[in-house]
Amino acid sequence: MLSYMLKRLAYMAVTLWVVITITFFLMHAIPGDPLSGLARELPAHTKANYYAKYGLDKSLGEQYFIYINNLLHGDLGESLKYPGRDVKGEILKYAPATARLGLQAVSIGFLLGSILGLAAAFKRNRWPDYLVTGAALLGVSVPSFVLAALLQYIFAVRNSWLPATGWGGFAFTILPSIALSTSVLAIFARVMRASALDVIGQDYIMTARAKGSGGLSFAFKHVARNAVLPSVTLLGPQIAGIITGSFVIENIFAIPGIGSNFVTSVFNRDYTMIMGMTVFYAVVYMAALLLVDIAYAVIDPRIRLYEPK
Amino acid sequence: MRKRMLAAVLALSLLSTAALTGCRTKAAEGDKEQYLNVAMNAEPGTLDPSRATDTYSSIVIAEVEEALTRCEQDDKGKDVIQPAGAESWKVSDDGLTWTFKLRDNKWSDGQDVKAEDYVYSMMRTLDPETASSYTGMLNPIKGAEAYASGEGKAEDVGIKAADDKTLVFTLESPCAYFLNLTYFRLFTPQRQDYVEKYGDTFGSEADTIPSCGPFVIKSWTHKSEIVLEKNQNYWDADSVKLSKVTYKILEDEQARMNEILNGTVDIGTAESKEWKDKFSGTGDFDVISGYEPTTECMIFNTKDKMFSSVKIRKAVSAAIDREDYVETLYPSTRTAAYSFCPPTLQIGTEEFRTAAGSEPVRQLIEEVTDPKALFTEGIKELGLGSDPAKITLTITAAGPNAKTKQIAEYNQQMFQEALGCKVDIEYVDPASMGKTIGTGDFQMVTAGWTGDYNDPMTEFDIWTSHGGLNFGRWSNEKYDQNIEAASATQDQAKRLGYFKECEEILILKEAAIAPLSFKQRSQYERKYVEGYMSTLFGSSMELKYAYTLGR
């Protein structure tokens with residue numbers, strides 16, 4: 001197990017390095033620089049001062065090695081768009097809000113989606129099935145920002161049941177979590193339905209039924225546990241995607257998370273923030289994949305992560 | 001019916017504006033709990049006065065730091081400069097030496113605000129190590145530009161503290177608008193001990209920067225909200241009635257409008273006709289309407305073969321139906337521009353537009369009765385044949401996004417119809433737009449310009465031959481001479497003459513640019529908000545005297 005983990009970690013380090021290198025050079029290849037977002041054309045000496053301060057006057061190769069060296073020392077640099085903000089500090093400080101929202105959304109989506117998918121599979125070609133597949137289609141196709149605006153209007157403007165924007169307690173997380181969860185829910189409902197149908201058709205289910213099993217405990221113990229594997233595969237990327245944030249949702253609900261950083265930093269050519277977000281995203285994504293692999297082994301004893309000697 | 005509705009709405013908004021200005025002088029009783037929530041459209045970059053670049057930073061800095069002066073409004077809603085960090089000032093007869101007498105004011109931690117703090121602040125802005133992108137604002141000061149560019153020495157810069165309470169500026173040449181710079185964020189003091197302690201993080205978090213203005217920064221949750229509290233150490237604390245101000249940072253327009261509508265925020269700006277109508281319909285708001293110091297214009301690349309011709313430039317400018325342009329693209333948020341310098345901008349204490357009394361674009365339209373004929377004449381002179389249909393003009397636009405696409409396509413269709421030529425649209429990634437037009441790789445481009453300070457110089461000096469924003473590379477000797485002459489004198493009557501002539505050369509005689517629209521301001525405040533000042537410059541959302549009555 002230990003050697004397996006070490007191997008995986010080594011792979012992760014190499015992958016991270018490749019991702020960083022590609023992003024670094026791609027980022028500098030797009031036209032414009034952090035100053036081009038300003039509305040004014042600056043005098044040459046002002047630009048020179050700026051480039052010198054942030055080391056942008058050095059050759060690209062030199063900048064790359066400086067960046068890697070700093071990264072190895074745990075320094076992600078200072079944001080170019082927001083002077084004085086340390087990229088690492090900024091990510092660590094605001095990631096929890098994003099992560100909380102994301103985990104709530106994935107939890108709702110995964111649990112509710114799986115249950116609905118299971119129900120649809122058991123009532124195949126009857127009204128619950130049509131309802132769930134119809135709703136899933138809607139959930140995938142309605143963009144989250146449309147739903148967000150609608151929820152905001154109904155629950156915060158027409159009726160002041162919930163706060164429309166901001167961050168402060170559980171009440172603030174309800175609307176954005178729901179807005180974020182629908183697409184997740186829809187995906188899991190469909191995947192669960194398909195794999196549960198597959199499981200229901202298996203011989204051992206027939207055997208179990210013939211022996212008189214049935215009801216809810218049967219559905220969960222025999223069907224759900226076997227059918228959940230494809231959903232778990234999906235869970236990794238879903239978690240990674242959603243806890244690194246949603247640009248639109250965070251903007252609409254004015255949530256102090258990091259989701260908006262990814263998109264805006266590219267627009268602003270905020271080089272250090274782009275790199276910091278890339279590193280963060282890559283690490284979270286790979287960690288999620290690793291967790292999924294471990295979860296496989298727990299759920300399905302037939303899967304082994306390593307060859308026992 | 002529709003017209004009458006519009007008239008009714010107009011009358012209503014006039015009434016509430018009048019009511020508002022009336023309220024300003026009323027004796028303040030106010031609610032027991034004094035707080036205000038204000039919508040802010042974007043996250044301020046930093047509250048470090050030296051390194052901030054955006055207007056949102058300026059709005060907050062003006063409330064928490066005390067510049068030498070403060071931009072306030074008189075009872076007619078006009079910007080006036082009031083003593084703030086300085087209680088008085090005098091200028092020498094040659095206009096080169098400005099002496100500011102500072103008042104007794106304290107920092108939020110109890111220390112005295114000294115003249116040295118102001119000197120330190122401005123010298124830090126100029127220091128090449130700080131890499132401030134706003135050093136240009138200090139250029140009127142002797143030796144400032146040289147020091148900022150690394151050529152001059154710090155001791156040669158004309159910013160000195162004569163004693164703890166006296167600040168002396170020496171200028172390069174007389175500067176008629178110098179006082180209009182002194183309420184800008186660069187003229188706030190900074191504490192050396194804090195800057196040294198926090199280094200680059202100075203101003204990036206609430207606790208890294210001390211205050212000496214009406215409010216102190218209580219907390220700052222990035223991209224969410226900034227909370228200010230009344231500064232008990234402030235010299236004029238008696239005038240400050242609000243005990244708490246919360247800026248809600250709402251970058252999404254829909255969310256921002258929702259929060260204005262449901263009352264979570266008390267003051268906010270409406271950006272479209274739909275929302276304006278909706279807010280007015282509730283009867284809960286006073287509307288503050290006016291102008292932003294912003295002009296949208298079309299810039300012609302005069303180094304391009306086609307647009308080197310004055311006739312073609314004039315034809316294109318005259319072909320624009322500006323009323324239809326704003327009606328279609330910016331219904332009730334902009335007005336047609338028949339001049340370059342926007343309304344409400346002042347020369348001395350007088351509004352420039354009123355003083356100038358001219359609208360050069362109207363003269364141009366009268367002069368050019370048939371734009372298509374003039375256009376044809378222009379292309380003939382360039383040896384491009386006599387058929388406009390064989391000519392293709394190119395509009396360069398950022399994006400495309402929904403708005404820039406709409407504008408570009410409107411212009412495309414309009415020019416094709418009015419001039420009979422073909423028009424292409426070329427879209428450029430917004431981040432590289434600056435480079436594209438900066439290197440002259442365009443024919444015509446639509447751009448907005450917002451003035452930095454309350455003097456026509458902020459508008460006109462960009463079109464001089466060496467102006468950094470003169471993307472059309474237009475050059476005119478007489479224009480340059482006039483701008484130089486206007487910089488060298490303090491006689492406002494003479495300066496008015498120079499600027500007026502400049503405007504005529506720029507958009508009538510030479511048609512180097514075509515003004516399109518002026519941006520209007522529509523801020524909505526809840527009826528219980530009193531004493532709020534929506535200034536043209538300075539903070540632009542001045543809360544020092546604001547309070548609520550009947551919340």
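Visitor: How much area is buried between domain 1 of chain A and domain 2 of chain A, and what share of that area do carbon and sulfur atoms give?

Guide: This is a predicted model, in which local features need pLDDT of at least 70, side-chain atom pairs count only at pLDDT 80 or more, and totals for chains, interfaces and linings use all residues. Residues are numbered from 1 along each chain as its sequence is written, chains are lettered from A and ligands numbered from 1 in the order in which they are written, and side-chain values use heavy atoms, with hydrogens and water left out. An automatic or database domain assignment gives chain A domain 1 (2-72) and domain 2 (94-299). Their buried area (accessible area, 1.4 Å probe, that two parts lose on being put together, summed over both) is about 1600 Å², with carbon and sulfur atoms giving 78%.

Visitor: Which helix of chain A gives the most residues to the side of domain 1 that touches domain 2?

Guide: Contact (heavy atoms within 4.5 Å) involves 20 residues of domain 1 of chain A and 16 residues of domain 2 of chain A. In domain 1 of chain A, Arg8(A), Met12(A) and Met27(A) lose the most area to domain 2, together 31% of what that side buries. Across this interface the rule finds one residue pair in polar contact (N or O atoms within 3.5 Å, one able to donate a hydrogen and the other to accept it within protein; residues adjacent in sequence count only if both atoms are side-chain atoms). Helices here are DSSP runs (H or I, at least four residues) and strands likewise (E, at least two), numbered from the N terminus; the greatest contribution to this side of domain 1, 12 residues, comes from helix 1 of chain A.

Visitor: Which residue forms a salt bridge with Asp293(A)?

Guide: A salt bridge requires a side-chain nitrogen of Lys or Arg within 4 Å of a carboxyl oxygen of Asp or Glu. Between the two domains of chain A the rule finds one salt bridge. The closest N and O atoms are 2.5 Å apart, and the partner of Asp293(A) is Arg8(A).

Visitor: How many salt bridges are there between domain 1 of chain B and domain 2 of chain B?

Guide: Chain B is divided into domain 1 (6-266 + 528-548) and domain 2 (291-520). About 1400 Å² is buried between them, of which carbon and sulfur atoms give 57%. Four residue pairs are in polar contact between these domains, whereas the count of salt bridges is zero.

Visitor: How far apart in sequence are the parts tied together by the pair of Tyr177(B) and Tyr453(B)?

Guide: Rings of Phe, Tyr and Trp (its six-membered ring) pair if their centres lie within 6.5 Å; planes under 30 degrees apart count as stacked, over 60 as edge-to-face and the rest as tilted. Over all chains the structure holds 34 aromatic pairs. Tyr177(B) and Tyr453(B) are stacked, at 4.5 Å centre to centre with 10° between the planes. Tyr177(B) lies in the loop between strand 7 and helix 5 of chain B and Tyr453(B) in the loop between strand 18 and helix 16, so the parts tied together are 276 residues apart.

Visitor: How many salt bridges are counted between chain B and chain A?

Guide: The contact takes 44 residues from chain B and 40 residues from chain A, burying about 3400 Å². Lys93(A) and Glu205(B) form a salt bridge, with their closest N and O atoms 3.0 Å apart. The count between the chains is five salt bridges.
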